[in-house]
Amino acid sequence: MIKLDRYDLAILRILARDGRITKSRLAEEVNLSISPAWERVRKLEECGVILGYRADIDWVDVFRGSRIVLEVTLSRHTAHAMQRFEQRMAAANEVTQCYATGGGVDYVVHVMTRDIDHYQRFVDTLLMEDLGIERYFTYIVTKVVKHASANGPDWL
């Protein structure tokens, strides 16, 4: 595990907010010269703290699809059963996020589809694949109240 200092944390916060920031602007914001600031960025990339750079796109706005939150409980809690389910979620184009959770349900899955019919066909497919889904609950997202990009918490 890499030890991060205040400069590293500042760089991460800035890059999470603006991955296209120039080297000079980044250095200015963290109060370092360009070479040391950029060397820190390269170190953070090389050790895997920075996973990549991408655009944060509102796909629902682009194609007017449906956002759905799916809670899933599996019938078996073996490593094999959970790994099989997780691999299927990772491979599903409709799944935008999948979280294994402790508590009342095993997984919380964020799904994006063209419409509700597409979603239902997706769930029917999952059920027919015998992934060990004991029960599931569907929540249709009616409004996004907050969508935070990966800026990181303010307490860092």
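# Briefing on a predicted model: cores, helices and loops

Thr73 is buried, at a relative accessible area of 7% (buried means under 20% relative accessible area, exposed over 50%, and partly exposed in between, with a 1.4 Å probe and protein chains only). The model is predicted, so local features need pLDDT of at least 70 and side-chain atom pairs count only at pLDDT 80 or more, while totals for chains, interfaces and linings use all residues. Residues are numbered from 1 along each chain as its sequence is written, and side-chain values use heavy atoms, with hydrogens and water left out.

**Strand β1**

- Thr73 has its place in strand β1 (helices, H or I with at least four residues, and strands, E with at least two, are DSSP runs numbered from the N terminus).
- Not counting residues up to four places away in sequence, Thr73 touches Gly104, Val105, Asp106, Gly132, Ile133, Glu134 and Arg135 (contact means heavy atoms within 4.5 Å).
- Ser66 also lies in strand β1, and Ser66 is buried with a relative accessible area of 15%.
- The contacts of Ser66, leaving aside residues up to four places away in sequence, are Val111, Met112, Thr113, Arg114, Asp115 and Ile116.

**Nonpolar cores**

- The largest nonpolar core has 17 residues, of which Val72, Phe85, Val109, Val111, Phe122 and Ile133 touch the most other members (such a core is a set of buried Ala, Val, Leu, Ile, Met, Phe, Trp, Tyr and Cys residues joined through side-chain atoms within 4.5 Å).
- Two or more residues of this core come from each of β1 (66-74), α5 (79-91), β3 (107-113) and α6 (116-128).
- Another core, of 12 residues, lies apart from the largest one, and its members include Ile14, Ala27, Ala37 and Val41.
- Ile133 touches Val72, Thr73, Leu74, Phe85, Leu126 and Leu127, with residues up to four places away in sequence not counted.
- In soluble globular proteins, nonpolar side chains tend to be buried together.

**Helix α5**

- Helix α5 has 13 residues and reaches 18 Å from its first C-alpha to its last, close to the 18 Å expected at 1.5 Å a residue (the expected span is 1.5 Å times one less than the number of residues).
- Ala81, Phe85, Arg88 and Met89 are the buried residues of α5.
- Viewed down the axis of α5, these buried residues fall within an arc of 100°, so they line one face of the helix (the arc is that of the directions from the helix axis to the C-beta atoms).
- The buried residues of α5 are covered by elements including β1, β2 (95-100), β3, α6 and β4 (133-140).
- On the other side of α5, the residues Ala79, His80, Ala90 and Ala91 are exposed.

**Helix α3**

- The 13 residues of α3 should span 18 Å at 1.5 Å a residue, and the end C-alpha atoms of α3 are 18 Å apart, which agrees.
- Within α3, the residues Ala37, Val41 and Leu44 are buried.
- These three cover an arc of only 65° around the axis, which puts them on the same side of α3.
- An α-helix has 3.6 residues a turn, so residues three or four places apart point the same way.
- α1 (6-17) and α2 are what the buried residues of α3 pack against.
- Ser35 and Glu46 are exposed on the face of α3 turned away from its buried side.

**Aromatic rings**

- The count of aromatic pairs is 1 (rings of Phe, Tyr and Trp, the last by its six-membered ring, pair if their centres lie within 6.5 Å; planes under 30 degrees apart count as stacked, over 60 as edge-to-face and the rest as tilted).
- Phe85 and Tyr107 form this tilted pair, with 4.6 Å centre to centre and 40° between the planes.
- The pair links distant parts of the chain, as Phe85 in helix α5 and Tyr107 in strand β3 are 22 residues apart.
- Both Phe85 and Tyr107 are buried.
- Arg6 lies over the face of Tyr7, at 4.4 Å from the ring centre (a charge sits over a ring if NZ of Lys or CZ of Arg is within 6 Å of the ring centre and within 35 degrees of the ring normal).

**Loop residues with positive phi**

- Asn31, a residue other than glycine, has a positive phi near 65°.
- Asn31 is found in the loop between α2 (23-30) and α3 (34-46), and Asn31 counts as exposed at 65% relative accessibility.
- Asp130, again a residue other than glycine, has a positive phi near 55°.
- Asp130 lies in the loop between α6 and β4, and Asp130 is exposed with a relative accessible area of 58%.
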